[in-house]
Structure formats: structure tokens, C-alpha cells
Amino acid sequence: MRAVVRRNKQLVCDEIPELEPAEGQVLVRTLACGICGSDLHALHHMEHMIDLSRRAGGIDNGFDPTGDTVFGHEFCAEVLDFGPGTRRTLKPGARVVSVPATMTPSGVELLGFSNRLPGGFSERMLLSEALLLEVPNGLPTDQAALTEPFAVGLHAVAKARMDANSVALVVGCGPVGLAVIGALKAAGHGPVIAADYSPRRRAAAERLGADILVDPAVESPHERWDALGVPKARAAQQMVRMMGGSFGRPVIFECVGAPGVLQGLIEAAPAGAQIVVAGVCMETDRIEPSIAITKEVELTFVFGYTPEEFAQTLRHLAEGVIDVSDLVTGKVGLEGVAGAFQALADPEAHVKILVAPGA
């Protein structure tokens, strides 16, 4: 079957072996698969990514980052066939999504980061039956494929200690920031400030419900705190409390993942703010803890999602609680994947590109 293989830090459209479902596995046809920011980074820096993951105690299934890899972990697929020991509760033809991890006799394979099993940039995949979620009728395939990235946003919001009057600032409106905005509004939070240099990304943030849009090239989003009832300085906060007043907890979502961003937020954040770090910085960074200590800024680092959050995200998309209908701005077949990686380097060119292996 055909797939796009990462080989020698290049993307090559090639033939790979056909798949046979093992115990508890289901053979599926890939209908649509999103290109993630981690895919873009892994193309050239996979070895560094895996080294950091192993140092952090991540799953180590013997993956060789220099070997052939088929990316793709944001997918919607169609059930084709079943392996032994499966319950077969879903019929062939059912559309499904899944946490991108497949259980095998030798351990768990993380789809998109495996030498043994292909991810969604292939015509077919092997998924674990126990992890499949059927896509509700009426939810288009392209939108169902966004379940995985939007589950990341739901998890980040779940880790935030928002209160009823909290003001949220989302810094960076790429896919992670947009997922956070969607999750914030789904939970009824607001006002939500969305800050990004890209007009296209700010427009996408507005469609997802962001209340205030800020171009950091024109103004600092931190100039909005006081007007939204959140005093920035500790002395001003103490005065409000002494007078019997109150204000919502400021929560900042860092969704950029570039060196220097976290330190800038520590310096600019209101006293007592929580900074939820969802952007993945792959480089050594530098912060000055004394500033965060003096301001009692709380840093919360988040990663991934739980199976329950993944399922809840699918429900949000299916019920229209989060409307992602305008986010897919491009679709390519396998031959167009390499070009799509290049196109995504320009934030004005696309919001989200999907790979349709059958196209």
C-alpha cells in the first residue's frame, strides 16, 4: 500500500507492506489525517524530540528516530476488517476516530512515531478495537479528524484553575491556541483575549469565540487586564481586596512554544496569574524565577489528553459546541504532503491542512 515515509529527513511517497490485524486490532482505511505542528518539527528534528521524550520518561518502545516512519496521528478512518479476539461491535464501513496508540503483542505503538506501524499518512492503519470511537452521523469526516488536536486544548483548559470571573489570555493562535479557545468557550469561560501576529489566525480565533483580538505588533495584550477588571500590580490587587472587592483569576495560555516567550509572559503577567504552558518549546530556554516568585506566578505545564477528554472532544464537535467547520483550509493526497509541509510554514497560507490518502 502507499504511504508517505519520513526517510533521511525527507518525505517520500512509497510502497510499504500491507497490514494484517492481530489480536484485538482492526484494519481501517484512512479517510483524513491532519498535519500537526509536531509533524513539521519532527521532519527535521525527530532525533532531538525522541531524546527529550525519553529523558522525560515517555513511552520507550524501541523506536528508532533515524528509521522509516509514517507520520499522522490526527485521523478519521473507516473500518475494513477485524483481527482475532475482537468483539466486532462496529460494522465494516463505520467511521471512527481513536487515540493514536495501538496495542500490540510487543507493547504500545504510538502512531506517527513508530517504525512498526504506519500513522495516518498511509492508505490503511491498524487500530486497537478497545480504543475506537464511532463518529456520529452528521459529523463530516474532515471535522472528525480534528478530534485529536482539539482534545489537546480541552486538556489544557482542564488543568487551568479558572474561576467564574476569570479572564483568559491565549498567546498564539495556531492549532494549539485555537483548540484552547474552543475549549474555553465550550466551558462557558470569558472574556477570552486572543493574541497573534497573523490576521488569518486572529480571524480563526474569532470564529471559535474569542472575545477580544489583539495584534501584538500594534499593542500588548497585557494592556487589557485592568480594563477587564484584573489589576496587574500586587498593590492594586491588595487595595481592591481591602475595599471588599474581588476580581477573576487571570490565566494565560502559552501556545507558541518558542524561546523567550515564557520569560516575557512571566514579566508581563498580572501578579498571581497562572500560566498554562501548552506550546512545546524544543530548545533550551531561560527564565528568571525570582520575578515569578515575587509575583507569585504559577506555571503549569500540560501535555496530551486523557481518553475521557478525547471522547468529550468528539461529542463537542458532533454537537456543535465547538464549531470547526471553517478551520480546514486545504486538503492534499499523499503526493502533496511534502508541499503541504512547506505551505504550513506561512501562517497566512493555511490554518489546517488534511491529508486524504485516497484522493
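Here are some exercises with worked solutions on this structure, which is a predicted model.

**Exercise 1. Work out how the six-strand sheet is put together, and which strands sit at its edges.**

Step 1: Start with the order. The six strands run β12-β11-β10-β13-β14-β15 in an open sheet, and their pairing is parallel.

Step 2: Look for strands that pair on one side only. Those are β12 (residues 212-214) and β15, the edge strands.

Step 3: Check the twist. From one strand to the next, the average is 20 degrees.

Step 4: See what lies on the sheet. Helix α4 packs on it and touches β10, β11 and β13, with a direction at about 160 degrees to that of β10.

**Exercise 2. Zoom in on β14 and find its neighbours and the way its side chains point.**

Step 1: On one side, β14 pairs with β13, in the parallel sense and over four bridges. Here F253 has V276 of β14 as its bridge partner.

Step 2: β14 also pairs with β15, again parallel and over four bridges. In this pairing I275 stands opposite L299 of β15.

Step 3: Now sort the side chains. Q274 and V276 point one way from β14, while I275 and V277 point the other way. Whichever way they point, all of these residues are buried.

**Exercise 3. Decide whether I193 is buried or exposed, and find what surrounds I193.**

Step 1: I193 belongs to strand β11, which covers residues 192-195.

Step 2: Read the accessibility. Buried means under 20% relative accessible area. I193 has 0%, so I193 is buried.

Step 3: List the contacts, leaving out residues up to four places away in sequence. I193 touches V167, A168, L169, V170, I212, V214, P221, R224 and L228.

Step 4: Compare sequence with space. I193 and I252 are 59 residues apart along the chain, and their C-alpha atoms lie 9.3 Å apart.

**Exercise 4. Describe how helix α3 meets α4, and then how α3 meets α9.**

Step 1: Take α3 (residues 147-159) and α4 (residues 175-186) to begin with. Their axes come within 7 Å and cross at roughly 60 degrees. That angle makes α3 oblique to α4, and the crossing is right-handed.

Step 2: Find the residues that do the touching. From α3 they are P149, F150, G153, L154, A156 and V157, and from α4 they are L178, A179, V180, A183 and L184. By class, this contact has 10 nonpolar residues, one polar residue and no charged ones.

Step 3: Turn to α9 (residues 307-318). The axes of α3 and α9 come within 8 Å, crossing at roughly 115 degrees. The two helices are therefore roughly perpendicular to each other, and this crossing is right-handed.

Step 4: Go through the contact. α3 brings T147, E148, F150, A151, L154, H155 and A158, and α9 brings E309, F310, Q312, T313, L314, H316 and L317. These residues divide into seven nonpolar, five polar and two charged.

**Exercise 5. Find the buried residues of helix α7 and say what they pack against.**

Step 1: Helix α7 spans residues 261-268, and its buried residues are L262, Q263, L265, I266 and A268.

Step 2: An α-helix has 3.6 residues a turn, so residues three or four places apart point the same way.

Step 3: Find the partners. The buried residues of α7 pack against β10, β13, β14, β15 and helix α8.

**Exercise 6. Explore the loop between α4 and β11, looking at H189 and P191.**

Step 1: H189 lies in this loop. With a relative accessible area of 19%, H189 is buried, given that the cut-off is under 20%.

Step 2: Not counting residues up to four places away in sequence, H189 touches V157, M162, D163 and L184.

Step 3: P191 lies in the loop too. A cis peptide bond joins G190 and P191, with omega at about 5 degrees.

Technical notes:
Residues numbered from 1 in each chain as written. Predicted model: local features only at pLDDT ≥ 70, side-chain atom pairs only at ≥ 80, totals over all residues. Heavy atoms only, no water. Buried < 20%, exposed > 50% of the residue type's maximum accessible area, 1.4 Å probe, protein only. Contact = heavy atoms within 4.5 Å. Axes fitted to C-alpha atoms, helices over the stretch in contact; angles between N-to-C directions. Parallel < 35°, antiparallel > 145°, perpendicular 65-115°, else oblique. Left-handed = near helix turned anticlockwise from the far one by under 90°. Nonpolar A, V, L, I, M, F, W, Y, C, P; charged D, E, K, R; others polar. Pairing = 2+ DSSP bridges.
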